[in-house]
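Q: I've got a model open and want a quick walk through it. Can you take my questions as they come?

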Amino acid sequence: MAGWLSGIGRPAVVTGVAFISLTVNALLAWGLVLGEWGLPRMGISGAAVATVAAQMVAMILYAATFARAGGFSDAVARRLDWVEFRHFLSLAMPMGLRISGELAAWTLFLVVVGRLGTVQLAASSIAFRINGMAFFPALGLGQAAGILVGHARGAGGDDEIPAIASQSLVVCEIWMLAMATLFATAPVPLMSIFAGYGPESTRIVETGSLIMKFVAFYCIFDAANVMIGCVLASAGDTRWLARTFLVSSSLFLALLWLVDMIIPSLMAEWALATIFVFATAVIWLFRFRSGAWRNVQVLRRSEVGK
């Protein structure tokens with residue numbers, strides 16, 4: 001539903017639903033974890049209940065929005081078109097697999113880093129969370145660019161897409177450069193916010209400060225990684241993206257395993273991760289500049305020109 005609303009140019013509704021859901025999650029988590037406001041004290045289980053409840057609220061709001069737009073009363077919308085459904089899956093499944101693969105690759109990266117020690121794992125996990133300050137707004141920009149690309153492809157305006165991509169990339173790069181500057185110049189205050197006050201806090205901050213240098217460096221390239229990846233996906237080049245990422249992530253994990261076996265080092269492993277981000281961005285850029293995405297058929301031939 002969020003994708004549908006964004007695609008028809010109503011991202012403000014998606015943002016509103018997200019804020020309501022997050023507010024419900026935060027308030028319920030506070031009450032159920034700590035037993036506030038007459039709610040039972042459930043500890044960590046309360047956080048799970050709060051998250052599920054917040055997701056249910058979001059689902060209800062999206063369903064209500066869809067119903068208000070006449071979606072449930074439209075007989076055509078209710079009927080399952082198997083041809084359209086298969087075409088949808090042919091585009092969506094590779095994209096879903098790529099996202100799942102990306103999450104799996106970075107999770108395994110943290111597993112390998114965790115073999116070095118709890119301090120290294122804690123510092124790396126905190127660095128990833130801080131990187132979210134840069135990544136998620138960039139992802140939002142990428143999704144916005146993707147909507148414009150989808151509209152352009154649907155209207156037969158493939159020649160407009162390079163301008164959309166380049167202008168969006170410039171905006172995203174400016175954002176990422178600003179965040180990279182913050183990460184590089186203020187790693188200690190940022191890490192200190194999340195390091196806590198335990199016996200290992202000082203070491204976590206010191207280790208995390210070094211890691212943030214890598215994060216700041218790869219943020220510069222992650223702008224192209226995120227933006228061009230979104231543009232290619234929205235242009236329908238999802239199968240190529242999935243195949244290429246499977247190969248590149250497998251190579252990354254294989255090299256990571258070798259580094260862990262031969263010269264286990266936090267700096268070496270984070271350097272390899274930075275090279276992986278850089279290489280992915282370069283591959284995406286070459287693919288986009290090749291123009292091969294123009295040959296991907298997003299609309300069925302019977303729909304072209306409608």
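Q: Is F276 buried or exposed?
A: F276 is buried. Its relative accessible area is 6%. Keep in mind that this is a predicted model.

Q: Which ring does F276 pair with, and in what geometry?
A: By the ring-pair rule, there are 16 aromatic pairs. In one of them, F276 pairs with W106. The geometry is tilted, with 5.8 Å from centre to centre and 55° between the planes.

Q: Where do W106 and F276 sit in the chain?
A: W106 is in helix 5 and F276 is in helix 11. They are 170 residues apart, so the pair links distant parts of the chain.

Q: And W106, buried or exposed?
A: W106 counts as buried, at 16% relative accessibility. The cut-off for buried is under 20%.

Q: Which residues form the aromatic cluster?
A: W106 and F276 belong to one aromatic cluster.

Q: What does the C-alpha trace span?
A: Along its principal axes, about 65 × 55 × 35 Å.

Q: What percentage of the residues count as buried?
A: Of the 306 residues, 38% count as buried. The chain exposes about 16900 Å², and carbon and sulfur atoms supply 70% of that.

Q: What share of the contacts join residues at least 24 apart?
A: 74%, taken among contacts between residues at least 6 apart in sequence.

Q: New topic, charges. How many salt bridges does the count come to?
A: The count comes to 5 salt bridges.

Q: What does E102 form a salt bridge with?
A: E102 pairs with R98. The closest N and O atoms are 3.7 Å apart.

Q: How far apart are E102 and R98 in helix 5?
A: They are 4 residues apart in helix 5 (residues 82-114), so about one helical turn separates them.

Q: How do they compare with the burial cut-offs?
A: R98 is buried, with a relative accessible area of 14%. E102 counts as partly exposed, at 25%.

Q: What else does R98 touch?
A: R98 touches L241, A242, F245 and W284. That leaves out residues up to four places away in sequence.

Q: Which residue forms a salt bridge with D159?
A: R294 does, with the closest N and O atoms 3.1 Å apart.

Q: What parts does that pair tie together?
A: R294 lies in the segment after helix 11 (266-290). D159 is in the loop between helix 6 (118-154) and helix 7 (161-185). The pair therefore ties together parts that are 135 residues apart in sequence.

Q: How accessible are R294 and D159?
A: D159 counts as exposed, at 67% relative accessibility. R294 counts as partly exposed, at 33%.

Q: What about R287 and D237?
A: Their side chains meet in a salt bridge, at 2.7 Å from N to O. R287 lies in helix 11, and D237 in the loop between helix 9 (201-234) and helix 10. This pair ties together parts that are 50 residues apart in sequence.

Q: Are R287 and D237 buried or exposed?
A: R287 is buried, and D237 is buried as well.

Q: Over to the surface. Which residues form the nonpolar patch?
A: L251, L255, W257, L258, M261, I262 and I263. Together they have about 720 Å² of accessible area.

Q: Where is L251 found, and how exposed is L251?
A: L251 is found in helix 10 (residues 238-262). L251 is exposed, with a relative accessible area of 53%.

Q: Last one, helix 2. What should helix 2 span?
A: Helix 2 (residues 11-34) has 24 residues and should span 34 Å at 1.5 Å a residue. The end C-alpha atoms are 34 Å apart, which agrees.

Q: Which residues in helix 2 are buried?
A: V14, V17, S21, A29, G31 and L32 are buried.

Q: What comes just after helix 2?
A: G35, which takes a positive phi of about 75°.

Definitions and conventions:
Residues are numbered from 1 along each chain as its sequence is written. This is a predicted model: local features need pLDDT of at least 70, side-chain atom pairs count only at pLDDT 80 or more; totals for chains, interfaces and linings use all residues. Side-chain values use heavy atoms; hydrogens and water are left out. Patches are made of residues with over 30% relative accessible area and no salt bridge: like charges are joined within 9 Å, nonpolar side chains (Val, Leu, Ile, Met, Phe, Trp, Tyr) within 5 Å. Accessible areas come from the Shrake-Rupley method with a 1.4 Å probe; for residues, only the protein chains shown count as cover. A salt bridge is a side-chain nitrogen of Lys or Arg within 4 Å of a carboxyl oxygen of Asp or Glu. Helices (H or I, at least four residues) and strands (E, at least two) are DSSP runs, numbered from the N terminus. Buried means under 20% relative accessible area, exposed over 50%, partly exposed in between (1.4 Å probe, protein chains only). The expected span of a helix is 1.5 Å times one less than its number of residues. Rings of Phe, Tyr and Trp (its six-membered ring) pair if their centres lie within 6.5 Å; planes under 30 degrees apart count as stacked, over 60 as edge-to-face and the rest as tilted. Contact means heavy atoms within 4.5 Å.
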